[in-house]
Amino acid sequence: MASSVVNSGALVNLEELKPSSQHYQEGASLRVTGKLQDYNVESGVAIIADANATLMIDTQHVKLQFRLGSIYQFIGELSLHSGFEPILKARVGRNVDGMDLNLYRQTLQLLKEFQAEQT
């Protein structure tokens, strides 16, 4: 029987997710957080934003009640199609209203600095 391995989602700020990033690759498993800007019920595609960056999220496998302006966190795999914006195919999603996004960004930065010192 073949085993199926699901990678944990690497913590990534939306601003970091650009073509020069190590995480910007087909199938990369990511965890992203942002405020819901738009949601299309028919396609199941959401758009989240944080700071000056946005990301499309395919939510067809996530069962959530979406509210514009709420903060959501998603774990999934990045899909890159030439000519299109990247889209995260979410396998997990949750509402994290109440999270201080500025403090969250600072915490991620400190975590990355700590991890860099350990290698």
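R67 touches L36, Y72, N95 and D97, leaving aside residues up to four places away in sequence. This is a predicted model. R67 sits in the loop between β4 (53-58) and β5 (71-79).

How exposed is R67? Its relative accessibility is 47%, so R67 counts as partly exposed; the exposed class begins over 50%. I57 lies 10 residues from R67 in sequence. In space, the C-alpha atoms of R67 and I57 are 14 Å apart.

Now the whole chain. The protein chain has six strands and one helix. Along the sequence, the pattern runs β-β-β-β-β-β-α. The radius of gyration is 15 Å, close to the 14 Å that the globule rule gives for 119 residues, so the protein chain is as compact as a globular protein of that length.

Chain-level values follow.

| Property of the protein chain | Value |
|---|---|
| Box filled by C-alpha atoms, along the principal axes | roughly 45 × 45 × 30 Å |
| Residues counted as buried | 37% of 119 residues |
| Accessible surface | about 7700 Å² |
| Distance between mean positions of positive and negative charges | 5 Å |

Carbon and sulfur atoms account for 50% of the accessible surface. The charges number 10 positive and 13 negative.

What share of contacts between residues at least 6 apart in sequence joins residues at least 24 apart? In the protein chain, that share is 54%.

Back to the loop: R67, between β4 and β5, is partly exposed and has Y72 and D97 among the residues it touches.

Definitions and conventions. Residues numbered from 1 in each chain as written. Predicted model: local features only at pLDDT ≥ 70, side-chain atom pairs only at ≥ 80, totals over all residues. Heavy atoms only, no water. Helix = DSSP H or I, 4+ residues; strand = E, 2+ residues; numbered from the N terminus. Buried < 20%, exposed > 50% of the residue type's maximum accessible area, 1.4 Å probe, protein only. Contact = heavy atoms within 4.5 Å. Rg over C-alpha atoms; globule rule 2.2 N^0.38 Å. Areas by Shrake-Rupley, 256 points an atom, 1.4 Å probe, with all protein chains shown as cover. Lys, Arg positive; Asp, Glu negative; His and termini not counted. Charge placed at Lys NZ, Arg CZ, Asp CG, Glu CD.
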